[in-house]
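Here are my notes on this one, written while clicking through the model. Have it open next to you as you read.

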Amino acid sequence: MSKVRAQVIWAHPRVDSLTATVVGEVVKELNRAGAEVDQLDLYREGFDSSLREADEPDWNNPDKPYSREVILHASRTKAANIVFFVFPVWWFSLPAIMKGYIDRVWNHGLFYGGGRKANIPKIRWIALAGETQEFFAKRDYDRMLQHHLNIGIAGFCGVNDSRVDLLYNALGASVTDAPSHYAQFKDRAREIVRSALA
């Protein structure tokens, strides 16, 4: 079997966040498995999430030349056989910088359109939700996110093996129980990676 090439794309303004902790565990578990890892930290790499004219899709031309930044990012992502997106759920969706990454990079003619697909075998979305599972289920926010990410983005780009893992109650730790709370999230991150690589 060929070596696993994984890209970990993540978004959080703080490197001491629970999101960053989960990313660290994902990367460690991938390294343990012998995977080649490309980590894309959207904040620290200074990704510009604004879609400007140079990267606006031309629906009549799937061969439109996009900006150098977009082409480089698209090449990085398409080189992976599994992509992990790790992010906090803000307003029951992706952070703006990650949505902007998808708007600009997963573009017409690169990841869909003109008969082209992403050609990425697997995507795993690791979403840290501040509220409880009951809160999300009662309002169908869990199903909404799954539909949006698995079908509206991954499926639309031809990725059939896409899964959303919601890690609930990310804000639920008091100062005294924070270590055990963080440990639970780290355990889940390792489980998600192991399952994805199985």
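1. Starting with terms: helices (H or I, at least four residues) and strands (E, at least two) are DSSP runs, numbered from the N terminus. This is a predicted model, where local features need pLDDT of at least 70 and side-chain atom pairs count only at pLDDT 80 or more, while totals for chains, interfaces and linings use all residues. Residues are numbered from 1 along each chain as its sequence is written, and side-chain values use heavy atoms, with hydrogens and water left out.

2. Overall layout. The chain has six helices and five strands, and along the sequence they run β-α-β-α-β-α-β-α-α-β-α. The radius of gyration is 17 Å, close to the 16 Å that the globule rule gives for 198 residues, so the chain is as compact as a globular protein of that length. (That radius is taken over C-alpha atoms, and the rule is 2.2 Å times the number of residues to the power 0.38.) If you want a box for the C-alpha atoms, it is roughly 55 × 40 × 30 Å along the principal axes.

3. Burial. Of the 198 residues, 46% count as buried. Buried means under 20% relative accessible area, exposed over 50%, and partly exposed in between (1.4 Å probe, protein chains only).

4. The β3–α3 loop. W90 sits in the loop between β3 (82-88) and α3 (96-105), and F92 is in the loop between β3 and α3 too. W90 is partly exposed at a relative accessible area of 35%, and F92 is partly exposed at 25%. Have a look at the backbone of F92: its phi is positive, about 60 degrees, although it is not a glycine. Most residues other than glycine have a negative phi.

5. Aromatics. There are 14 aromatic pairs in the structure. Rings of Phe, Tyr and Trp (its six-membered ring) pair if their centres lie within 6.5 Å; planes under 30 degrees apart are stacked, over 60 edge-to-face, and the rest tilted. W106 and F111 are a stacked pair, 4.5 Å centre to centre with 15 degrees between the planes. W106 is buried at 3% relative accessibility, and F111 is buried at 0%. Ring pairs also link F47, F85, Y101, W106, F111 and W125 into a cluster.

6. Charges over rings. What lies over the face of F111? That is K78, at 5.2 Å from the ring centre. R139 lies over the face of F135, at 3.9 Å from the ring centre. The test is NZ of Lys or CZ of Arg within 6 Å of the ring centre and within 35 degrees of the ring normal.

7. Salt bridges. The structure holds 20 of them, each a side-chain nitrogen of Lys or Arg within 4 Å of a carboxyl oxygen of Asp or Glu. E69 and R104 meet at 3.0 Å, N to O. That pair links distant parts of the chain, with E69 in helix α2 (residues 68-78) and R104 in helix α3, 35 residues apart. E69 is partly exposed at 30%, whereas R104 is buried at 4%. D41 bridges to R44 with the closest N and O atoms 2.8 Å apart; D41 is buried at 10% and R44 partly exposed at 38%. There is also a salt-bridge network, linking E25, K28, E29, R32, D187, R190 and R194.

8. D140. This residue lies in the loop between α4 (133-138) and α5 (141-154), and D140 has a positive phi of about 60 degrees although it is not a glycine. D140 is partly exposed, at 38%. Its salt bridge with R143 has the closest N and O atoms 3.7 Å apart, and R143 counts as exposed at 55%.
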